[in-house]
Amino acid sequence: MNLNRDTFLSKAETTLAGLDGAVLEALSHHGAPEVESLAQEFGDAASRSPARLAEALCPGPLTNIGFAAVVMRGLLEPRDEVLDSSVSEATVVTGNARASGSLNITSPLVVLGNLEVEGVLEDCGPDSTVVVVGNCVARGLRTSGNFLVLGDLVVRDVIQGIYNDDSLVVAGELSVRFLDEYDHDVSCYGEVHAEHHFENGRSGEEAASLASVFLVPGLYDVDLGEIHHDQLFERLERNEPVFTETPQPRQRREPDGPTAEELEGIDVAGIVARSPVSATARDVVYAQRKTGEVWLLRPGAFRVHIYDGEKFLESQPSPAPEATKASERVTFWRKRSDLFLEIERFDALVQVHAGYNNGTKTTLRFAFDGPDAAAREVRRLAARYEGDFLRVTTTIPGRGPLERELARYGGKSEYTSAIVKGNTLVTRDGESQRFDDEASALRALEDWLAEKRRAGFELKILEWKPYGLLK
């Protein structure tokens, strides 16, 4: 059934005059409703289909499409529909709508009655706009677009807002166990009933800490300050629990800098006074009480300076070109901050890189009588930092694959990098080599590093890429 222009606009006039209370407030969230705005979408056409009218009003403020939905409800005969798992074209359901599983919405959807989704309801802003004139019920709701409910919104488990471009607006009551607005505009003109409510603008670190009380392990990372929403909603789609049966002790992220306990017994003032650079106590980024070791670093001002408990170690140049392929390598990452430590052995030579992610590094070199003595030193150094640092290979726990980046010096600003992803070696130069297993890929990485060193490149930093992409 098409909407006659004159009949529709006449109905809009009487509908507008009767709007009041929370429904009018919700419709006015993006501006006051006006009949003239709806008239413009008809143009010279005598009629329009409900779906085409909805499509013409989206994307745009919720005011116009919401007002049009209320008008259509007074004109169209109610007809209930069962929705498939996705809505990919503009759709108007004149009665109640129901989805037996999860529902993904990538285009405008207007439901003039109630919307019931047994699984997870997810939209896709700005392509999608969702208007429910009645009540909306779902197991989970993940919204990045404009979403308007003029009745009550009842979500069994979790609502997550994504992006700050659009809004979730509810005229009635909003009920959910966990409401994470994140940076999304969530406005309810009725009462909000949420056991856990993280408001718009919440910090990631605070949110992850609070979530550790009620979300099952694996759905948050306190150290990284993240809630893993993708995994959370994947569990909801499988109807698996996301909440702990009982509240758990709250976890808090330790500070990046040394704690008072780690600094206990260390003469920081004396060490800073002996520093080869003009440093202060605020520049202490790592301290080891058992050995008295202290790292001084001021990103952007000076590289890492290491006091080993007795003296400051002197930085050395990289090995001679003939010593390009490491016999073994041990890599550590400080999870509380972006500090890394890499220990390499070149036969009887041990080389240590210490630095700051995406920043400068310090290189230390130690010569030994033979390969066995050098190998023992690698084991000793590894044991010294085990526990304070994470020992990693190609993947940093909770972060992503390791990327090795090298820089050519001598006046040339040329960079290259490589990464091992599973059994594949990927380089910034556009190469991608697949091997039988990860060990073979790691051996190929060593060959690649040696080749770059012979070409005059020097290992600059170890860096992590959350998505494993080389750009």
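This note goes through some helices and strands of a predicted model, one point at a time.

1. Because the model is predicted, local features need pLDDT of at least 70 and side-chain atom pairs count only at pLDDT 80 or more, whereas totals for chains, interfaces and linings use all residues. Residues are numbered from 1 along each chain as its sequence is written, and side-chain values use heavy atoms, with hydrogens and water left out.

2. Helix α3 covers residues 35–42, and its buried residues are Val35, Ser37, Leu38, Ala39 and Phe42. Buried here means under 20% relative accessible area, with a 1.4 Å probe and protein chains only, while helices (H or I, at least four residues) and strands (E, at least two) are DSSP runs numbered from the N terminus. The cover over these buried residues includes β1, α1, β2, α4 and α5, and just after α3 comes Gly43, with a positive phi of about 60°.

3. Helices α3 and α5 pack at an angle of about 85° with their axes 10 Å apart, where axes are lines fitted to C-alpha atoms, for helices over the stretch in contact, and angles run from 0 to 180 degrees between N-to-C directions. The two helices are therefore roughly perpendicular to each other, a term used for angles of 65 to 115 degrees. In this contact (heavy atoms within 4.5 Å), Val35, Ser37 and Leu38 of α3 meet Asn64, Phe67 and Ala68 of α5.

4. In helix α7, residues 229–237, the buried residues are His229, Leu232, Phe233 and Leu236. Seen down the axis of α7, these fall within an arc of 90°, so they line one face of the helix; the arc is that of the directions from the helix axis to the C-beta atoms.

5. Six strands form an open sheet in the order β5-β8-β11-β13-β15-β17, with parallel pairing, two strands being paired if DSSP finds at least two bridges between them. The edge strands, β5 and β17, each pair on one side only. Within the sheet, three bridges join β13 to β15, and Leu148 stands opposite Val169 in β15.

6. Strands β22 and β23 run antiparallel and are joined by four bridges, with Leu296 opposite His305 in β23. They form a hairpin with three residues between them, and Gly300 in the turn has a positive phi of about 85°. Five of the six residues of β23 are buried, so this strand is largely enclosed by the rest of the structure.

How values were computed:
Buried < 20%, exposed > 50% of the residue type's maximum accessible area, 1.4 Å probe, protein only. Parallel < 35°, antiparallel > 145°, perpendicular 65-115°, else oblique.
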